Amino acid sequence: MQQQTNNLVSSNALYSKIILLVFVLMCAVKRSNSFDYFKEKPSFMKSCKLSQPDLTKCSTEAIQKIVKEIMKGVPEFRDVIGSLDPLVLNDIAFKQDGAEAVNILIGLSTLIIKDMSRVQVVESRVHRNDLSFLLKLHMPELRLTGHYKLDGRILLLSLKTEGEMAIDLEDVNITTLIKTDLFGRDGYTFYNVTKVQNDINIGKLKAKFDNLFGGRNKDLERSILTSINENWREFFEVLRPSTTNVTNQITFDLLHKICLRIPAKYFLEDIPTPKQFHENISSNTL
């Protein structure tokens, strides 16, 4: 009898746990679907038309407005893309092999980018034939901080260490080409970002890496940092391919998430349907 009672209690406890787990999962699903995409055009968005003569001017103003609002923290986007100022990234790697002066791997367990909210949209050009975008962005300053692990060579010195780093950038100009496709959902047309390519140029760079030699040689550490900062253009060019790849990946991820939540007609009122768009692309390739 006691054994039967114990079995019943055990079964009831297991049943209760299952019910609780189902309830938690249902709540999680409901919460994740609470914001899928905007069913109505947000007040912070300005719409343009493909047919208007001043499309570039209108698009530039529209993108600047939405960037400003997203940087301020639109509630619906906060859980989707998190904070953009500061932007916090994890597990980032910069690698350069075979250069004469630098052969290095820099791994960042955490990278914090500040001052992105000061971004200025210089130009947003819509290519009518394929609905790709060309964005020109300017940021007066950017500050990057984080914990680094370094393995490689700078000049004739072998380095294998870790510590804290800070990089200050001034006059940052980024030209971004965004390739898109269109798809339909619930009667709406959405952008699907398929490719992002960035071209980055900066006016000044100043870097600081502490603990370069495990704290054993501060004079040599200062000498290396002085060399990097005095020859920052060469240092940046060495890391440009890796920097561009990382930036492309970050930008693609952000734009992809944003575009999946904003119907395309909120950007362009006379956007074609996916069917019309693909038929036009097909006819242009014949």
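**Around leucine 268**

Guide: Setting aside neighbours within four places in sequence, leucine 268 is in contact (heavy atoms within 4.5 Å) with Cys48, Lys49, Leu50, Leu55, Val126 and Tyr191. This is a predicted model, where local features need pLDDT of at least 70, side-chain atom pairs count only at pLDDT 80 or more, and totals for chains, interfaces and linings use all residues. Residues are numbered from 1 along each chain as its sequence is written, and side-chain values use heavy atoms, with hydrogens and water left out.

Visitor: What does cysteine 48 join to?

Guide: Cysteine 48 forms a disulfide (cysteine sulfur atoms within 2.5 Å) with cysteine 58, S to S 2.1 Å. The link is left-handed, at -95° about the S-S bond.

Visitor: Where do cysteine 48 and cysteine 58 lie?

Guide: Cysteine 48 is in the loop between helix H1 (2-32) and helix H2 (55-72), and cysteine 58 is in helix H2, so the pair ties together parts 10 residues apart in sequence. Helices are DSSP runs of H or I, at least four residues, and strands are runs of E, at least two, numbered from the N terminus.

Visitor: Switching topic: which strands pair with E5?

Guide: Strand E4 (residues 133-154) pairs with strand E5 (residues 157-185) in the antiparallel sense over 21 bridges; pairing takes at least two DSSP bridges.

Visitor: How many residues sit between E5 and E6 in the hairpin?

Guide: Two, and aspartate 186 in that turn has a positive phi of about 55°.
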